[in-house]
Amino acid sequence: MKFEDLLLEIGGFGRFQILILAVLCLLRINLPMHFLLHNFLAATPSHHCAIPHQEAFVNLTMEEVLLISIPRKPDGTFSSCEMFSQPQFHLLLNSSLQPENKSIIQHCQHGWVYDHSQFTSTISTQWDLVCEQRGLNQATATFFFIGVTMGAMVFGYLSDRFGRKTMLQLSLVCSVAFGMLSAASVSYTMLAITRTLTGVALSGLSLIVLPLGMEWVDVQHRTFTGILTSIFWSVGNMLLALAAYLVREWHWLLVAVTGPCLLSIVCLWWVPESARWLIAKGKVKQAHRHLLRCARMNGRKDFAVSPELFLSFHLSQTLTRMAADKNMGGSYSYISLFRTPVLRKISLCSGVVWFGVAFSYYGMSMNLTGFGLSIYLSQFVFGVIEIPAKMVMYVLVNRVGRRQSQAWTLILTGLCMGANVVIPKPFTSLRSVVAVMAKGFSEAAFTTVYLYTSELYPTILRQNGMGYTSFMARLGGSLAPLVFLLDEVWRSLPEVTYCGVAVCSGAVAFLLPETLNVRLPEGIEDIE
């Protein structure tokens with residue numbers, strides 16, 4: 001007797017499961033509001049060197065003051081990081097002249113002046129994270145994803161050890177605490193530390209929501225569950241654009257995106273622990289109580305499995321796992337993911353796929369300029385395009401399967417990103433269309449990989465597997481912002497890098513097994 005057989009008896013997708021998914025979807029909205037917050041938190045507005053003794057030029061317009069104080073770049077715009085050591089008054093007579101003596105050009109000596117028309121303040125303007133300090137600005141996102149990476153390993157293990165719901169509650173409470181501390185940061189160091197800890201906390205939310213929902217629904221509704229929870233990531237994506245548009249000051253923006261976690265804590269109390277996990281851990285009475293509650297809410301009042309019969313079901317499951325435990329050394333950990341041949345292949349390939357998915361997704365999501373749209377509209381459009389992408393994937397993963405869908409969405413993401421390398425900059429409309437297509441394919445790949453991975457690993461190792469793959473994804477997410485710094489080597493090198501990684505990881509996805517219409521594996525023996 002399998003757990004799916006019990007689900008059929010109590011209703012595999014009824015009112016009980018719908019209410020669970022409604023709460024879990026609300027929780028998932030919190031994620032993109034922090035994961036993509038860097039776009040606005042660390043946005044760098046137009047800036048130029050602060051000009052000393054500017055009051056001495058009262059007879060000059062601002063344009064003329066800049067002309068004699070700031071050198072121009074080859075494209076005719078004023079430099080953001082350089083200034084003249086002495087005013088060049090002769091440029092007022094002929095502004096097309098460029099000083100031949102480069103020694104009079106120096107780095108900014110008196111700070112910077114920022115354009116505040118779009119942002120009241122960001123961490124870039126707060127601590128002058130521009131020019132030579134630009135790397136620290138990009139590193140803010142990396143610190144956050146390093147936290148998410150560490151949290152993936154911690155919460156993956158702890159949620160298999162202490163339960164899905166307990167760790168979800170801990171994740172939300174810590175997210176609120178560290179999010180508010182981030183908003184109160186008085187130095188860059190404090191912000192870097194608190195954002196890293198926020199990443200650790202939110203990792204639990206990212207890791208547990210989907211498997212908890214999947215473990216309560218039947219085989220026929222697993223795809224729907226995966227797609228539905230993923231759609232609410234896109235909703236959070238769009239809400240982030242709205243919040244950032246309304247709140248232009250970075251301290252209060254952090255408060256605005258952290259606040260919803262408080263509501264999530266209140267809503268989570270109703271969600272039950274995973275009955276699959278309770279049975280796997282021998283907590284039969286608790287699992288029995290949750291299943292009876294599920295049956296009542298779903299109108300299956302004739303379901304009345306006695307605790308004794310339920311215990312015999314648990315014992316049969318335990319004996320099967322004990323046989324596997326004997327071969328596995330008697331315990332489960334991240335090392336268990338690599339002990340047996342098939343599981344080892346799954347773990348290695350899924351790790352590469354997750355790295356490629358996250359690396360290309362965040363490479364796209366954190367590059368909102370150069371498409372002819374405002375940063376807020378770009379964020380909103382990128383969120384909107386994700387929803388039809390998910391709808392299409394709902395059909396594709398059930399028609400062509402998980403493996404083909406995963407591989408081709410990644411490959412097409414890479415090809416679209418590569419196409420924008422060769423499309424000239426003046427063709428902003430065409431570049432916008434191709435970028436939106438790349439974002440759609442990228443989101444389709446992310447949607448598929450969450451669903452696919454949940455089905456690849458057995459119940460006793462599912463959270464360990466999700467923790468490991470999430471670690472690989474966050475490693476990709478950590479590196480993605482730093483790749484933007486490669487534009488100093490070659491302007492198109494970041495896009496070429498994202499393209500290559502996406503295509504290669506898409507090819508690796510062909511090596512994974514298909515899981516379409518296959519029961520969720522319970523133990524190692526189901527995989528092998």
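Student: At 23% relative accessibility, does Cys267 count as buried, partly exposed or exposed, and why?

Tutor: Buried means under 20% relative accessible area, exposed over 50%, and partly exposed in between (1.4 Å probe, protein chains only). Cys267 has 23%, so Cys267 counts as partly exposed. This is a predicted model: local features need pLDDT of at least 70, side-chain atom pairs count only at pLDDT 80 or more, and totals for chains, interfaces and linings use all residues. Residues are numbered from 1 along each chain as its sequence is written, and side-chain values use heavy atoms, leaving out hydrogens and water.

Student: How many disulfides are there?

Tutor: A disulfide is a pair of cysteine sulfur atoms within 2.5 Å. By this rule there are 2 disulfides. Cys49 and Cys108 form one, with sulfur atoms 1.8 Å apart. Cys81 and Cys131 are joined by another, at 2.0 Å from S to S.

Student: Which hand does the link of Cys81 and Cys131 have?

Tutor: Left-handed, with -95° about the S-S bond. For Cys49 and Cys108 the torsion is about -70°, so that disulfide is left-handed.

Student: What is the pairing in sequence order?

Tutor: Number the bonded cysteines of the protein chain in sequence order, and the pairing reads 1-3, 2-4.

Student: Is Cys294 buried or exposed?

Tutor: Buried, with a relative accessible area of 0%. Cys49 is buried at 0%, and Cys108 is buried at 14%.
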